[in-house]
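Thanks for passing this one along.

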Amino acid sequence: MTTAGTAALVRRPDGSTRATLLELLFDVVFVAALALTSTLLTENLSWSGGAKVLLMLTAIWWTWSVTSTTTEFYDPQQRPIQVILMIAMVGSVGMAASLPMVTEGHALIFAVSYVGTHVLRGIILITSLYRQRHRAATIRASRFLFWFVTSGVFWITGAADGYVNWTLWTIAILIDLLSAAARYPTPWLGRVPIDQYEHTTGHLGERYQQFVILALGDIILVPTMRVSRTDLDGVRVVSLFCAFAVMLLLWQVYVFRAGELLEAGARGGRPARVAPYTHLVMLAGVVATAASFDLVVSRPTGTTPVRWLVLLVGGPALFVVGRALFTLLVSTSVPWWRVACLIVPLLLLPWAGGWPPVLVVVAVALGLAGHVLIPGAVRETTPGVRVRRPGD
């Protein structure tokens, strides 16, 4: 139910922490953009091509992350916040639709979609909060708007002629990432107070979990779409089964303790501050993994090119590393079992080039299975967060 006007725009501490249906629809739109990103990666199998895809993936992820932070600070049942969510959906569709055409003279569509989403969100928030005379929240929204306008100059300038100036776009995304890490230091307004990060609720943890679980679905969705356009033989069936197994194993890696870690609001609000960056690493792993299975089902036999190996092994490894970093930065516990399970597929790299791709993905799946099968792994995935204390 939508509450009229902008009353109680700031989320109440005792308000519902459940995601709204509009937020879930918002997630689905972004996951579709991720699927297109995976497809684009398979078509740009080079270091420079991968870097460009990563930059655009970061922009898509940052839009989701900042918008979800908005629904954490403000009540998503209110009309202004719902309008912001709808604008973000339109922006994500614009970014997704322009992905294949960014290098073909349509980069401005991507840039305008990204910048417009963030700038319009800031304008709507500041206008609504000013009417409510909510000074602290108005200042907070102003800091965000200042930095997105600053980076927006580089985004738009870098695509003004329709083609990408990758140097300017790199500067733009670095401004977005680093300003957030520095808590948006703004002239005359200062930085976001650290205590604001300490008041996150279960809503934020739920939002991250929902998005990652939906994103993991791309690992099976992307190769399935590929298979639907080719002959479905026995080897391709095995490849799809491996994709499904890897998806479930990565879900196993992520889902335990993730919500509890995100809800751990002490220690200077660290979970809310590190989650966007560590989850970006995991998301890059999901996109690379989905792209790798897209390649495998297209040609499951023969030798495995080096660039395929980078995706086949590097995708799941990135996800595991991102998840391990999240655990380490929040709880200061070193998730040794997660890191140890990467050793098996990495040891196979010198010989895996001569293997068929389907055999490589089987080895990767067995390495991930170590998270469940190796004795002691259960202790690491016990629900609940335990912050290490001095002397432990």
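1. A word on burial to begin with: a residue is buried under 20% relative accessible area, exposed over 50% and partly exposed in between, using a 1.4 Å probe and protein chains only. Thr20 has 13% relative accessibility, so this residue counts as buried.

2. Some housekeeping before going further. This is a predicted model, in which local features need pLDDT of at least 70 and side-chain atom pairs count only at pLDDT 80 or more, while totals for chains, interfaces and linings use all residues. Residues are numbered from 1 along each chain as its sequence is written, and side-chain values use heavy atoms, with hydrogens and water left out.

3. Back to Thr20, which sits in the segment before H1. Helices here are DSSP runs (H or I, at least four residues), numbered from the N terminus. Leaving aside neighbours within four places in sequence, Thr20 is in contact (heavy atoms within 4.5 Å) with Pro76 and Gln77. Thr71 is 51 residues from Thr20 in sequence, and their C-alpha atoms are 9.8 Å apart.

4. Next, a helix pair. The axes of H1 (residues 21-42) and H2 (residues 47-73) come within 10 Å and cross at roughly 175°. Axes are lines fitted to C-alpha atoms, for helices over the stretch in contact, and angles run from 0 to 180 degrees between N-to-C directions. H1 and H2 are therefore roughly antiparallel (over 145 degrees). Their contact includes Phe26 and Phe30 of H1 and Trp64 of H2. The residues of this contact divide into 11 nonpolar, six polar and two charged. Here Ala, Val, Leu, Ile, Met, Phe, Trp, Tyr, Cys and Pro count as nonpolar, Asp, Glu, Lys and Arg as charged, and the others, Gly among them, as polar.

5. A second pair runs the other way. H9 (residues 234-255) and H12 (residues 306-331) have axes that come within 10 Å and cross at roughly 10°, and are therefore roughly parallel (under 35 degrees). Leu250, Val253 and Tyr254 in H9 meet Pro316, Phe319 and Arg323 in H12. That contact has five nonpolar, no polar and one charged residues.

6. Not counting residues up to four places away in sequence, Ser239 touches Phe293, Val296, Val297, Pro300 and Val358.

Terms used: Helix = DSSP H or I, 4+ residues; strand = E, 2+ residues; numbered from the N terminus. Parallel < 35°, antiparallel > 145°, perpendicular 65-115°, else oblique.
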